[in-house]
Amino acid sequence: MSMMKADIRWILYFFVLCKMAWSVTRYSIPEEMERGSVVANLAADLGLDISGLAEREVKLDIFHNKKYLDVNKKTGELTVVEKIDREYLCPAKTTTCFLKLDLIIESPLRIFNIELGITDINDNAPHFRRDKIELDVSESASPGERFSLPNAFDPDVGANTVKTYKLSESDHFNVDIHSGSDGTKYVDLVLMKALDREEKAIHNLILTAIDGGVPARSGTASIIVRVQDTNDNAPQFDQAVYSLNISENSPVGTLVIKLNASDTDEGLNAELTYSFTLYTSEKTQEMFSLNANTGDIAVKGIIDYEDMKIFEMFVEAKDNGPVPLAGQCRVTVYVTDMNDNYPEIAIKSLKNTVDENIPVGSVIALVAVSDRDTGENGNVNLTMNRLLPFVLNKSSDNLYELLVSKPLDREMVPEYEITLIVTDGGNPPLYDNETITVHLLDVNDNAPQFPQSFYTIPVKENNAPGALVSSLTAIDPDLNENQYLVYFIIEKEIVNTSMSMLFSINPENGNLYALKTFDYEIEKEFLFHIEARDSGVPPLSSNVTVHIIIMDQNDNTPVIVSPWRAHGSVVEEKIPRSTDKGTLISKVIAIDSDSVHNSRITYQFLQNTDATLFSLDQYNGEIRTTRMFSYRDSRHQRLVVIAKDNGEPALSATVTIKLSTVEIALKTYADMTEVPLEYDIFSDLNLYLVIGLGSVSFLLLITILVTIVLKCQKPKPSKAAPSCRNSVISERNSTIADSTLVSNDAYWYSLFLAETRKGKLVVRQPVPKGARYIVSSIPRSTGMTETSDSAASTLQVIKT
């Protein structure tokens, strides 16, 4: 039963298809429409309900591989989803082009046949199948002769295809256009004026094809017309008569003259053949030969002045054209009587290779000279063409010795070409020459040389072990094994350390490497020697001094030494609320063990409870009050000071100072473990004024006595201890300008001076037992940021 229903369904589907095929909906659009363009409203044209399209399955079946169109299910519009190229869709040049598609709608099934006509637009320019057309035309071609040209192709149809052709301006050519039975335009090149190859051998023309579109499009092709030569020009000699002289006894083959005839034609019409005419005597033809291809006249027999003094030759040049043309000239040769025997040179013995250290006076060669003439014409003299470290010594009438006259140096001149010239005594004299080559063998006579005698090489600290420091290359102008160099570091110990443990050099190329990481705060420079030695026998060597300078890097963080605090804890201070404006509250002192540039410290507030109450000198770290305290000010102030060095990038350290203001400005001595106390001596003038003045006088006297003792004490020479990276105060080579206390004493001393000037007594809390205070001479102007090796004095006090 189910199978019967399926068969009935397919039968109904077939009838629906047949019914839909009877009616076709047709549209027409131009090609190259933009994506999204609306072709038609299928819902309106086919009577479809737009509201039901979304639920029904709508499919557009196009009888092509590409999906050019689609249906909008919301609006029922047929839209373009891909540009349609008519020439691609219908490659055959037909006037009609259709795109067939079916609109299939399910539930219930309906099929609509649609034909979309694609109309042509002028979107293609004409083009020639060949961009360059070459033609060979004889210069004898008659005007009116025609030459077929390939036509242009335009994939467009109708009025948009090729309409006409145009030729660039020409005095000799024009084009003739005619149409075929299918409307195709053909073009011929027509010769309008006779050609002359000697006037113009190549004509360059431009052929343009133009279609009938609006606007019109065009394409071009280059036409190259090569004019073929015809034999219409006779050969011509440079001169009609040639006159020249020739010496008697000139050797056979001596060139007398090279005749040059020219023919403005080309090819075979310009190929010339030279020959003697019948007017040239047989005797002359026996004495001279004429090259038929080149026109060279050369000596063929022995010429004797006493036998014949003048020769006349009549020469003809004929081309190889179909109808040959010829030109003629006359050559007159005068024979001159001369010294007709040349002197000769014979090398009897020769040393081609000698050591460069050959002794002066050594014989290099034996040379014999001769001349078959007699008398003055037979007297010969042998010389060299230029000044060389050699000399000719005449040992006999016709024998010469070639001697070394100066020391030789292969590095300056590796070989000598010696040209020996022999001249007879004739008038004019005849001469001959012979060139010999003497090669110098290398001797190890040059020590290696460095380009510089002293190398200063900067190396940044914290370098990677094995890093290339520099390349020291010496030059040896010798050859082979005398030039092969080996590099060594001359051993030198520094503080029980061998130099080879610090540096290594590649023995083959002189590359210098650092074997360890250097620390500027420990090692600042190295001075040693490098030797370059060749492989000669005996070997020669030279050395160069190398000065390695370790460049400082900002690798040490500033250390705050004042105000002193244990393990970076917060510093707590108490100050009277009656403090005046400009009063020194505290002084931050930081040091940096880097070099001068990287150790320059500047101070800034990182946190300040009241920015209007305190100021910080960025160079010496002094914290002062900018005004007096008021009743509105908080009794507790928090100051965070950052000490930053001048390195790149900068490193820094911070200290936190908590200030508490008190009403009583005077402190009395308490137990040694109590915190600092202050008492305001102005609250009881009768009691505390006497105590304050006495204390100040006593401390001032003690200070003066200590200063006098330190000034009078002579510094004792001592061996400087090696530098240490972890030391708080590093060595420096700077001048001591002033003295300031370091560590906690610096702070207490500065506070004491400030408070006693105002008539107050400051009582300090002692540090734990076993602590050590150091008093060093440090420049006041630098804000305790630098110390020196040459400090005037150092005082250490150990408290237990």
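Let me begin with strand 43 and strand 47, the latter covering residues 622–625, which run antiparallel and are joined by 3 bridges. Please keep in mind throughout that we are looking at a predicted model.

These two strands belong to an open sheet of 3 strands, arranged in the order 43-47-46 with antiparallel pairing. Strand 43, at 584–587, and strand 46, at 614–616, stand at the edges with a single partner strand each, so one side of each has no neighbour in the sheet. On average, and ignoring direction, neighbouring strands here are turned by 20 degrees against each other.

Now, which residue of strand 47 stands opposite K587? It is E622, and the side chains of K587 and E622 also meet in a salt bridge, at 4.0 Å from N to O. Because K587 lies in strand 43 and E622 in strand 47, this pair ties together parts that are 35 residues apart in sequence. Both K587 and E622 are buried.

Elsewhere, R533 forms a salt bridge with E531, with the closest N and O atoms 2.7 Å apart; here R533 is partly exposed, at a relative accessible area of 33%, whereas E531 counts as buried at 15%, because buried means under 20%. A network of salt bridges links K132, E134, D136 and R226, and within it the side chains of E134 and K132 meet at 3.8 Å, N to O.

Finally, F698, L699, L701, I702, L705 and V706 make a nonpolar surface patch of about 520 Å², and one of these residues, L699, has its place in helix 6, residues 685–712.

Terms used. Residues are numbered from 1 along each chain as its sequence is written. This is a predicted model: local features need pLDDT of at least 70, side-chain atom pairs count only at pLDDT 80 or more; totals for chains, interfaces and linings use all residues. Side-chain values use heavy atoms; hydrogens and water are left out. Two strands pair if DSSP finds at least two bridges between them. Helices (H or I, at least four residues) and strands (E, at least two) are DSSP runs, numbered from the N terminus. Axes are lines fitted to C-alpha atoms, for helices over the stretch in contact, and angles run from 0 to 180 degrees between N-to-C directions. Patches are made of residues with over 30% relative accessible area and no salt bridge: like charges are joined within 9 Å, nonpolar side chains (Val, Leu, Ile, Met, Phe, Trp, Tyr) within 5 Å. Accessible areas come from the Shrake-Rupley method with a 1.4 Å probe; for residues, only the protein chains shown count as cover. Buried means under 20% relative accessible area, exposed over 50%, partly exposed in between (1.4 Å probe, protein chains only).
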